Amino acid sequence: MNLIIWLIVGGVIGWLASIIMRTDAQQGIFLNIIVGIVGAFVGGLIFTGGSINNAPLNLYSFLISLLGAVVLLAIVNLFRRGRVR
């Protein structure tokens with residue numbers, strides 16, 4: 001059951017991050033899930049408070065994961081286009 005919740009929340013986080021970074025038209029649901037989960041990992045590395053990967057699901061861990069996903073998309077945009085949008 002935790003895996004299903006992890007995938008759903010990761011998808012929502014990836015979708016919100018792609019809207020913030022204006023890359024939503026380039027991504028599908030699968031890539032949104034990957035961005036959300038990997039971004040949560042990045043957010044957990046940057047901030048010690050935890051993310052959806054290793055902390056209980058609350059607003060703080062959701063925001064840390066969202067911030068990590070935005071940072072991840074900014075890094076990807078930097079390498080793909082040479083600039084952050």
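## A nonpolar patch on the surface

In this predicted model, Ile4, Ile8, Val12, Trp15 and Ile19 form a nonpolar patch on the surface, and together they have about 460 Å² of accessible area. Accessible areas come from the Shrake-Rupley method with a 1.4 Å probe, and for residues only the protein chains shown count as cover. Patches are made of residues with over 30% relative accessible area and no salt bridge, with nonpolar side chains (Val, Leu, Ile, Met, Phe, Trp, Tyr) joined within 5 Å and like charges within 9 Å; a salt bridge is a side-chain nitrogen of Lys or Arg within 4 Å of a carboxyl oxygen of Asp or Glu.

Trp15, one of the patch residues, lies in helix H1 and counts as partly exposed because its relative accessibility is 41%. The classes are buried (under 20% relative accessible area), exposed (over 50%) and partly exposed in between, with a 1.4 Å probe and protein chains only.

## Fold and confidence

The chain contains three helices and zero strands, which gives the pattern α-α-α along the sequence. Helices (H or I, at least four residues) and strands (E, at least two) are DSSP runs, numbered from the N terminus.

The mean pLDDT of the chain, where pLDDT is the predictor's confidence in each residue from 0 to 100, is 81, and 85% of the residues reach 70 or more.

## The nonpolar core

Of the 85 residues of the chain, 38% count as buried. The largest nonpolar core has 11 residues, among them Val9, Ile13, Val35, Leu66 and Leu73; such a core is a set of buried Ala, Val, Leu, Ile, Met, Phe, Trp, Tyr and Cys residues joined through side-chain atoms within 4.5 Å. H1 and helix H3 (59-81) are the elements that give two or more residues to this core, and H3 supplies the largest share, six residues.

## A positive phi in a loop

Arg22, found in the loop between H1 and H2, has a phi near 60°, a positive value in a residue other than glycine. Arg22 counts as exposed because its relative accessibility is 62%.

## Basis of the values

Residues are numbered from 1 along each chain as its sequence is written, and side-chain values use heavy atoms, with hydrogens and water left out. In this predicted model, local features need pLDDT of at least 70 and side-chain atom pairs count only at pLDDT 80 or more, while totals for chains, interfaces and linings use all residues.
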